[in-house]
Amino acid sequence: MKIRLASAGHLSQLPPLGLYVHLPWCLRKCPYCDFNSHALREDARASRGGSHAPSGRVHVLRNAVHALHPVPSARRGEATDTAEATDTAEATDTAEAPDAAEAAPSAGADPGLDVGATSLPAALEQRYLAALQADLEAALPRVWGRSVQTVFIGGGTPSLFSPAAIEQLLAMVRARLRVAPNAEITLEANPGTFEADRFRGFAAAGVNRLSIGVQSFDDAALRAIGRVHDAAQARAAVALAAQVFDTFNIDLMYALPGQTLEMLERDLDTALSLSPPHLSCYQFTLEPNTYFARFPPPLPDDDLAAAMQDLVEARTAAAGLRQYEVSAYARDGHRCRHNLNYWEFGDYLGIGAGAHGKISSHECIVRQARLRHPERYMEAAVSPAGAVEEERVLSAADLPFEFMLNALRLVDGVPADLFEARTGMSTARIARMLDAGVRRGLLDEDPTRLRATALGRRFLNDLQQLFLEETR
Ligand SMILES: C[S@@+](CC[C@H](N)C(=O)[O-])C[C@H]1O[C@@H](n2cnc3c(N)ncnc32)[C@H](O)[C@@H]1O
Ligand code: SF4
């Protein structure tokens, strides 16, 4: 058979466009976290001191953190409910893990970090907003004339920004981009970084969806993973979000250090008793270059982790939340539109430290990555050099894998013709890989959809690899 090789990236119609904004600071770096997030107090101090000559503890923390945002592992797929993620192709920093004394889990006791402070210093906030504005302005030619369907403000801990700063950010975005009137505007919030007025302020600023990083409702489990909040704060945050926002998400993790099936059952009971319209439930993973990679805590074995995943699926289904992606469950009408656009291989502009973007034109598809360190990012964004550290045109060899990495995470998959619409390549280009997937029982036989079978979802990496191996 002759295969027509349509030129990759020559699209007749451009995909929907989302905007991702990365706000990189947290109260403290969690010992399992590979996101591009930075302990606030250290950066605030470095920013005030104006010195770039790191020493002692500041140096350790500076080198300890980065991983590219979006989340690099397929586990979290394109998104934690957070946004972005399936960009496995992205490099991660070879950052060293923090010293035990710097980021000890459950330390609660790190004397250098002021976990009582729940706001960014105003001067840092304004510097970062100015950098975001310059970053967006430099990116505008790539998205001229297109309207933005969704905005996702992720982190880091965006709820450390004041409502006034979030309002300023959204006004700045609206003045430069056409944001659709019904756009979904999500903000990630951590329990322990807000009070009622703050949540109302975010809503008044235009945020219409809150994603709350609960992780667990068990105090011992939260301490074991070094979180700064407790279960009572998590419950209070969710109750408030339910009052203030049209819709919200709870982020949970399972297979936590020392967790039993009964503990997870209690976590799910509590989460579901709060009637979340959306739940993201990620398997806890040891990521390279984190504190836990160096000092791994005892984790549930694979069988127990699989039983936990089954429990999550059963409990959410019984509560009327439908699984629509590997880690995402939602009531009708409450799926995360921003993340769906990633999984459907839509476009997104990413601004902020370490943010990634994927932008199509009629000629090609480009991936971009911004500088990751907040200080370097802020400097570069307002300079003629700009904040983009890496820009790459996707090739015909990249596209099948990149498309499938996203699309096959969706429980219902995608219409088969979406492949051609989003990549500009003929489906015939991947016919042999599709056959191999069907023969191995990993892909659905229905020719009108590209969809993983239940077995394919369980062995998703194997299925996705089919599209990698045969194209390179
Ligand atoms: C980068 S965090 C941003 C949200 C917020 N900063 C927080 O941590 O609550 C997004 C989500 O990714 C998930 N996550 C982060 N690291 C993880 C890991 N090592 N394993 C599994 N899930 C992880 C958590 O559920 C978290 O809520
Ligand atoms: S709060 Fe979230 S983003 Fe920040 S360090 Fe912890 S897991 Fe990472």
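Two exercises with worked solutions follow.

This is a predicted model, in which local features need pLDDT of at least 70 and side-chain atom pairs count only at pLDDT 80 or more, while totals for chains, interfaces and linings use all residues. Residues are numbered from 1 along each chain as its sequence is written, and chains are lettered from A and ligands numbered from 1 in the order in which they are written.

**Exercise 1.** Determine how helix α4 and helix α13 pack.

*Solution.* Step 1: α4 spans residues 122-139 and α13 residues 374-381; helices are DSSP runs of H or I with at least four residues, numbered from the N terminus. Step 2: their axes (lines fitted to C-alpha atoms over the stretch in contact, with angles from 0 to 180 degrees between N-to-C directions) are 8 Å apart at an angle of about 55 degrees. Step 3: α4 and α13 are therefore oblique to each other, since angles under 35 degrees count as roughly parallel, over 145 as roughly antiparallel, 65 to 115 as roughly perpendicular and the rest as oblique. Step 4: Arg127, Tyr128, Ala131, Ala134 and Asp135 of α4 meet Tyr377, Met378 and Ala381 of α13, a contact requiring C-beta atoms, placed from the backbone, within 7 Å. Step 5: this contact has six nonpolar, no polar and two charged residues; Ala, Val, Leu, Ile, Met, Phe, Trp, Tyr, Cys and Pro count as nonpolar, Asp, Glu, Lys and Arg as charged, and the others, Gly among them, as polar.

**Exercise 2.** Describe the surroundings of ligand 2.

*Solution.* Step 1: the residues around ligand 2 (C-beta atom, placed from the backbone, within 6 Å) include Cys26, Cys30, Cys33 and Lys29. Step 2: by class, the shell has four nonpolar, six polar and one charged residues.

How values were computed:
Helices (H or I, at least four residues) and strands (E, at least two) are DSSP runs, numbered from the N terminus. Two residues are in contact if their C-beta atoms, placed from the backbone, lie within 7 Å.
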